[in-house]
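Open your viewer and keep the sequence panel at hand. We will go from the whole chain down to single residues.

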Amino acid sequence: SSNCCVESTMRTGYEKGYNVITLTDGTACASEEELDAAVRFTYPMFSTPLTCAKVAEILKGDIPQAMNLKLSRNLRSLETFEEEEEEEEELETGLIATDL
């Protein structure tokens, strides 16, 4: 449900540094009130809430320039995050990569 499983997964992604997109009309709850509270209050704190139709536009390449720039910045942030994670793993195993 939106206010349990989806929120948990969304928060985990956020805590790991991912740019999370949460579908506002692609999940359900036991009641409309619970769904409304999740979409209006929790989703925006930890993700970019989007409708299924907006995600379909993005996947087809029909996205506005402003959103494209935002996604590009977030992807660069994710790449930096992944590089930092790799460096931490190398240090933990005692391997240090050097340029020759």
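Colour the protein chain by secondary structure and follow the sequence: the pattern reads α-β-α-β-α-α. That gives four helices and two strands, where helices (H or I, at least four residues) and strands (E, at least two) are DSSP runs numbered from the N terminus. This is a predicted model, in which local features need pLDDT of at least 70 and side-chain atom pairs count only at pLDDT 80 or more, while totals for chains, interfaces and linings use all residues. Residues are numbered from 1 along each chain as its sequence is written, and side-chain values use heavy atoms, leaving out hydrogens and water.

Next, select Met 10, Val 20, Cys 29, Leu 35, Ala 38, Val 39, Tyr 43 and Phe 46, the eight residues of the largest nonpolar core. Such a core is a set of buried Ala, Val, Leu, Ile, Met, Phe, Trp, Tyr and Cys residues joined through side-chain atoms within 4.5 Å; buried means under 20% relative accessible area, exposed over 50%, and partly exposed in between (1.4 Å probe, protein chains only). Helix 2 gives the most to this core, with five residues.

Now pick Cys 29 from that set. Beyond its neighbours within four places in sequence, its contacts (heavy atoms within 4.5 Å) are Ser 1, Ser 2, Asn 3, Glu 34 and Leu 35.

Finish at Pro 44, in helix 2 (residues 32-46). With neighbours within four places in sequence set aside, Pro 44 touches Ala 38, Val 39 and Pro 49. Draw a C-alpha to C-alpha distance to Ile 21: Pro 44 and Ile 21 are 9.6 Å apart in space and 23 residues apart in sequence.
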